[in-house]
Amino acid sequence: MKFSLSALGLAALSTASPVLETRQNGEGNGPFGPAHYYTNGGLNGHTFFAPRNIPQGAKLPVMVWGNGACSADSLGQGPFLHQLASHGVLIIVSGTPRGGGSTNADMMRRAIDFITREAGRGQWSNIDASRITAAGFSCGGVEAYGQINDNRVSSIGIWSSGLLGGYDQARNFRKPVFFFMGGPSDIAYGNGERDYNYMPGGTPKWKGNLNVGHGGTYHEYNGGKFGTIGARWVEWVMRGNSTAGQYLTGEGARRDGWQVVSQDLQNLRVNPI
Ligand SMILES: *[C@@H]1O[C@H](CO)[C@@H](O)[C@H](O)[C@H]1NC(C)=O
């Protein structure tokens, strides 16, 4: 099945109001929470989601995120991103709060350039840029795929997305890819399935389907079930907590309704941060 960029535009949902809405939608229930977001003049056109409560000496890995519909509104998946950040990751989102227009893969690359340059210094002294995950929802997932050959990127997160062309690329993926999909009614379902199946043996891959369709649960309190599994993914794949990984590979995710398959996860090695 093919789908077009304009079809992915269906994933665009707008959010209306600021601080109050964030509170109502949850600010993340993780051990580093609550989370918040801010912009920084050093990296125009982007938004940082970060935990507020970072213990002395703790380090944060990095995730770069592309929004659904490649929308430049960085609050598009806000509740979900707060939840992930509160579990101990700095997220750099392409786009600004309630910003208009579109993002592209080059903006995600600029976020990687920025944080690899700044990590370990000043305001960014607790950032560990040696472990960067590129991820995104729908059209934003395609932006994340665009970073897979960047040496600075360790793994990829595909949320209701898949390659829109050049499908054979997936046959050469050498980095772990995690697919979080919305089941058969998700417009990206066929693309995600195909990419997962094309990936070569030896490369770690994991795929879960939750039958909620393309829109996911990003807007539910703390990101709903996508927030729950995303938090465990952050702890495991970005922070090296293998106990958290058992949620994705064991009964936890299945009990929550995810249909899971995986391969070669024994080759996924992340040192605890
Ligand atoms: C590892 O993850 C589990 C499950 O989420 C959590 O309960 C535990 O506190 C985490 N351990 C560390 C060291 O972060």
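N222 is found in the loop between β8 and α7, where helices (H or I, at least four residues) and strands (E, at least two) are DSSP runs numbered from the N terminus. The phi of N222 is positive, about 50 degrees, although N222 is not a glycine. N222 is buried, with 24 other C-beta atoms within 10 Å; a residue is buried if 20 or more other C-beta atoms lie within 10 Å of its own, exposed if 12 or fewer, and partly exposed in between, with C-beta atoms placed from the backbone.

This is a predicted model, in which local features need pLDDT of at least 70 and side-chain atom pairs count only at pLDDT 80 or more, while totals for chains, interfaces and linings use all residues. Residues are numbered from 1 along each chain as its sequence is written.

S160, in the loop between β6 and β7, is a residue other than glycine with a positive phi, near 50 degrees. S160 counts as buried because 33 C-beta neighbours lie inside 10 Å. P34 sits in the loop between α2 (19-25) and β1 (35-38), and the peptide bond from G33 to P34 is cis, with omega near -5 degrees.

P97 belongs to the loop between β4 (90-94) and α4 (105-118). P97 counts as partly exposed, with 15 C-beta neighbours inside 10 Å. Leaving out residues up to four places away in sequence, P97 touches Y37, T47, S74 and L75; two residues are in contact if their C-beta atoms, placed from the backbone, lie within 7 Å.

The largest nonpolar core has 63 residues, and V62, V64, V89 and I91 have the most contacts inside it. Such a core is a set of buried Ala, Val, Leu, Ile, Met, Phe, Trp, Tyr and Cys residues joined through C-beta atoms within 7 Å. Helix α7 (residues 224-238) gives the most to this core, with eight residues. Residues touched by V89, not counting those up to four places away in sequence, include V234 and M238.

Axes are lines fitted to C-alpha atoms, for helices over the stretch in contact, and angles run from 0 to 180 degrees between N-to-C directions.

| Pair | Angle | Axis separation |
|---|---|---|
| α3 (residues 78-85) and α7 | about 30 degrees | 8 Å |
| α7 and α8 (residues 242-249) | about 140 degrees | 7 Å |

α7 is therefore oblique to α8, whereas α3 and α7 are roughly parallel to each other. Angles under 35 degrees count as roughly parallel, over 145 as roughly antiparallel, 65 to 115 as roughly perpendicular and the rest as oblique.

Ala, Val, Leu, Ile, Met, Phe, Trp, Tyr, Cys and Pro count as nonpolar, Asp, Glu, Lys and Arg as charged, and the others, Gly among them, as polar.

In the second pair, I229, R232, W233, E235 and W236 of α7 meet S242, A244, G245, Y247 and L248 of α8. The contact of α7 with α8 has six nonpolar, two polar and two charged residues.

Helix α6 (residues 189-198) has Y189, N191, G192, D195 and Y196 as its buried residues. Their cover includes β6 (153-159), β7 (177-181) and β8 (205-209).
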